Amino acid sequence: MVSDSSRLARDAARELRRAEQKGKLAIASITLWELALLHHQGRLRTSGSIESAIRAILEKSRVQVIEVTPEIAALTTTFPEHYPKDPVDRLTGATARAFGMT
């Protein structure tokens with residue numbers, strides 16, 4: 001979204017635009033950790049430190065960072081069986097669900 005929005009699927013780009021227009025562009029706090037890992041692995045190429053790269057991404061994207069709450073933690077256990085078991089995916093999905101976001 002930040003470095004090359006042309007790589008986004010059309011549906012994803014549309015949803016991001018809608019969220020931005022409504023002032024509901026947000027990420028789960030666990031996503032910061034994912035960004036750090038991508039930078040460390042060389043899959044997210046930026047100049048400077050990992051921390052400065054993450055700060056730059058947050059500034060450029062103007063997303064709100066939503067911290068894990070007891071409600072979000074509880075929601076991670078309510079997904080159907082076919083939902084991914086990955087804890088990061090579950091926290092991300094639960095955060096979106098808690099705030100009525102896509």
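Residues are numbered from 1 along each chain as its sequence is written, and side-chain values use heavy atoms, without hydrogens or water. Because the model is predicted, local features need pLDDT of at least 70 and side-chain atom pairs count only at pLDDT 80 or more, while totals for chains, interfaces and linings use all residues.

**View 1. Helix α3 spans residues 50–61.**
Helices (H or I, at least four residues) and strands (E, at least two) are DSSP runs, numbered from the N terminus. Helix α3 has 12 residues. From first C-alpha to last, α3 reaches 17 Å, close to the 16 Å expected at 1.5 Å a residue. That expected span is 1.5 Å times one less than the number of residues. Just after α3, R62 takes a positive phi of about 55°.

**View 2. Helix α3 has a buried side and an exposed face.**
Buried means under 20% relative accessible area, and exposed means over 50% (1.4 Å probe, protein chains only). A53, I54, I57 and S61 are buried in α3. They lie on the same side of α3 because they cover an arc of only 100° around the axis. The arc is taken from the directions from the helix axis to the C-beta atoms. An α-helix has 3.6 residues a turn, so residues three or four places apart point the same way. The buried residues of α3 pack against α2 (30–40), where contact means heavy atoms within 4.5 Å. The face turned away from the buried side carries the exposed E51, R55 and E59.

**View 3. The largest pocket has a volume of about 1,400 Å³.**
A pocket is an open set of points on a 1 Å grid over the protein atoms alone, where a 1.4 Å probe fits, with protein on both sides within 12 Å along at least five of seven lines. Lining residues have an atom within 4 Å of a point. A volume is the space filled by probe spheres set on the points, which are joined across faces, edges and corners. Of the 38 lining residues, M1, L8, L16, I27 and T31 are closest to the centre of the largest pocket. Helix α3 gives the most to this lining, with 6 residues.

**View 4. The second largest pocket has a volume of about 210 Å³.**
Its lining includes M1, L8, S61 and R62. The largest share, 4 residues, comes from α1. Both α1 and α3 supply at least two residues each.
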